[in-house]
There are 2 protein chains.
Amino acid sequence: MHLQAYTREQLLTRSRQLEEQYRAFQAGGLDLDLTRGKPSIAQLALSSPLDGILKGDYRLADGTDSRGYGGLDGIPEARDLAAEWLGVRPAEVLVGGNSSLTLMYLFMLSAHFLGLQGAESAWRGQAGGASFLCPVPGYDRHFAICEELGIAMHPVPMNADGPDMDIVESKVAADTSIKGIWCVPRFSNPTGAVYSDQVVRRLAKLPGRSGGGLFLFWDNAYAVHAFDSAPVPLYNLMDECRIQGTQDQVVLFGSTSKVSFAGAGLAFMGASVDTLNAFRQHLAVSTIGPDKVNQLRHVRFLPDMNAVRELMQRHAALLRPKFQCVQNRLREGLEGCGMGRWTDPAGGYFVSFDALPGLAARIIARAAQAGVKLTPAGAAFPYGKDPEDRNIRLAPSYPEVDDVDRATQVFVCCVQLCSVEQRLKELDTSN
Amino acid sequence: MHLQAYTREQLLTRSRQLEEQYRAFQAGGLDLDLTRGKPSIAQLALSSPLDGILKGDYRLADGTDSRGYGGLDGIPEARDLAAEWLGVRPAEVLVGGNSSLTLMYLFMLSAHFLGLQGAESAWRGQAGGASFLCPVPGYDRHFAICEELGIAMHPVPMNADGPDMDIVESKVAADTSIKGIWCVPRFSNPTGAVYSDQVVRRLAKLPGRSGGGLFLFWDNAYAVHAFDSAPVPLYNLMDECRIQGTQDQVVLFGSTSKVSFAGAGLAFMGASVDTLNAFRQHLAVSTIGPDKVNQLRHVRFLPDMNAVRELMQRHAALLRPKFQCVQNRLREGLEGCGMGRWTDPAGGYFVSFDALPGLAARIIARAAQAGVKLTPAGAAFPYGKDPEDRNIRLAPSYPEVDDVDRATQVFVCCVQLCSVEQRLKELDTSN
């Protein structure tokens, strides 16, 4: 039954039922955590053969000893794999340490403080300052980098097929302080949206703006993270940028953090040869080079994209039931109720839930008091502020299915309870 | 015979002999590389058990799964080890990725651009700018960080017991733009000097300067790298800083790059709890945390400092003959000749050679033409410029002993040849 259809009397009854249900959850002493997109222990175990896989043979195909110093770009075998992964050429790839976030941070830092084309080109020194477009809801750690470096953020709404390109284009045309846009093009964090061909094509044109280019930050964190084996196509950004002549203004990122080990995988970035060269000059100052031994382990374990896809099917088998469970509980408890809407992604790590405006923080607090930790309200927005206080990110990957089920039940109860309470208040105010 | 004692005739004869010897080396088709302080393949092999050491058990002592996300500070086991290594408390240590250079860079960056105590405290914004004291000859990659970030450098002469503290103190008293000093306190790169107690004590007082503190950058890269088992004592800097009340103004660094795998070891830093907390706020933005799996491998392989010291004895057994060979050839060819002086370190990775002024670049070029690559002239000085053009860094760790022997013979021949040629020119000019 739709929330708006309830009489005041019915709402009061429903409210009492829900409070009783809620108290029962509280009495259950739950301690569940749906805050972060973390692979479960079972998922991590899929890659356990990594340690020991070298069997004493630390040499690369070209004879280099992986244990020694050197090799800013990473090992050739890993660059080949990463190039196919990101849809660029091997010469357009650099494989780093265990964190793609670090590569993003260092690239951003180089462009902002140091300049990719000499000190004069640094964003920081430019009149009007530097700002970024941030599709929302988005990934909190992208926004944290902007905040840390003092780069202003302009939120842009996310649609089911990517950022709202009309708004993006008009902002870019009007404001040359905009130096980049954050994109998670496949199974976007948190909505799960996959960018449409049309959106990718329009994005590829952006850096051609008169008044100076901007960078497309293409964080393809969930490039191979579909829930079933049917491929979810994504238009090749670099190819399209080459057509548009904007290939020097795109940086692509990926990692095996949710493929092998979350904290001990490989991170990589793609960019044109010229852009990579510009970045290398800064990167070289800050490191002795990446851990080549771990890169070698990874290419022995995952020699090609077929091996990656096979492994990802095993991940999918573990993740699917958890996401299905969330969908089932949400549908069962909230479908047609007018208490919120949510995404049903075909991959990735999140479900994005939009409650009625003004209720997200309240729902999250209620859930916490019943033993279910959710991502803090506003986390998916710049500066942690959701202007409508309605977005909630659900991350069901880590707990066991039974716990996901219990946690989602609690969540649904909290949504219902807060929605009914708010509707009652509305009725009281309007009377 | 001393160079100054030769007659012109004798010099001409000697020059002809040396040219003949040099041409013979050239005809030998050598291809030797003494440029960088790299562990040899045999040294790397000492740590080969690292891959596979976990035997499927990825759990830390506290039950945490090392494969997952999280843990900005590194794993507790590794922090305990690093604390003893650096001479600080476990709460004063953070274990990072594979590169201590990255930790130095990120700390410097945070202090310079972002501010450790809020944006106002950033060095960059301060009147008079930021500068560093650089004991010379020193480590090129330290100086590269300063150059990259636009931090001016003031060279300070290195003595056998550390930097010339009279000069250091007078510069620090006179110039509040000085924000730090680079120190490699044990087996300094490249002279091999070990800082005396007196120097450490005077350094510990520096940050107490009126007009604002400066940071001691304490890169203890060769903390456990002695050539024999007799310990080479080094006064504990952090303890002394605590006595002086300057404990918040020191950052200590170390790594296993020349203990386990050069490119796949552990890097760590030490600092007071307050300083670490200030740094963590910036560090947290740039990473998902270090590779805990590799940290766990390392503590299984090196559970305590006794294990480290045992391993280092095996390294020493491989390094000693190479350094002895260099000393033998230098003594044999150059002792009492007035053609240069050199260090005879008790540990570390380098021998520092001072040729007659004006000859370093020439000697290095000559050696290269005979197939022996040496570190570029000036590398051990800020901006790569040795004002006297006399310092040459010899790095004999990587090649086999026979090759070190051949390379040092070539080097000695080049020193002799260039010195004799120069002496001849002097005589011609004075006549």
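Predicted model: local features only at pLDDT ≥ 70, side-chain atom pairs only at ≥ 80, totals over all residues.
Residues are numbered from 1 along each chain as its sequence is written, while chains are lettered from A and ligands numbered from 1 in the order in which they are written.

**View 1. Chain A and chain B around their axis.**

**View 2. Where chain A touches chain B.** Each chain brings 39 residues to the contact (two residues are in contact if their C-beta atoms, placed from the backbone, lie within 7 Å). On the chain A side, α2, α4, α5, α9 and α10 each supply at least two residues (helices are DSSP runs of H or I with at least four residues, strands are runs of E with at least two, and both are numbered from the N terminus). The top giver is α4(A), with five residues. By type, the chain A side splits into 16 nonpolar, 16 polar and seven charged residues (Ala, Val, Leu, Ile, Met, Phe, Trp, Tyr, Cys and Pro count as nonpolar, Asp, Glu, Lys and Arg as charged, and the others, Gly among them, as polar).

**View 3. A three-stranded sheet in chain A.** This open, antiparallel sheet runs in the order β10-β11-β13 (strands pair if DSSP finds at least two bridges between them). β10 and β13 of chain A sit at the edges with a single partner strand each, so one side of each has no neighbour in the sheet. Between β10(A) and β11(A) there are three bridges, and A:Arg341 has A:Asp354 in β11(A) as its bridge partner.

**View 4. Two domains of chain A.** Chain A is divided into domain 1 (3-43 + 309-430) and domain 2 (60-303), with bounds from an automatic or database domain assignment. Their centres, taken over C-alpha atoms, are 31 Å apart. In the contact, 25 residues of domain 1 meet 26 residues of domain 2. On the domain 1 side, α11(A) gives the largest share, eight residues.
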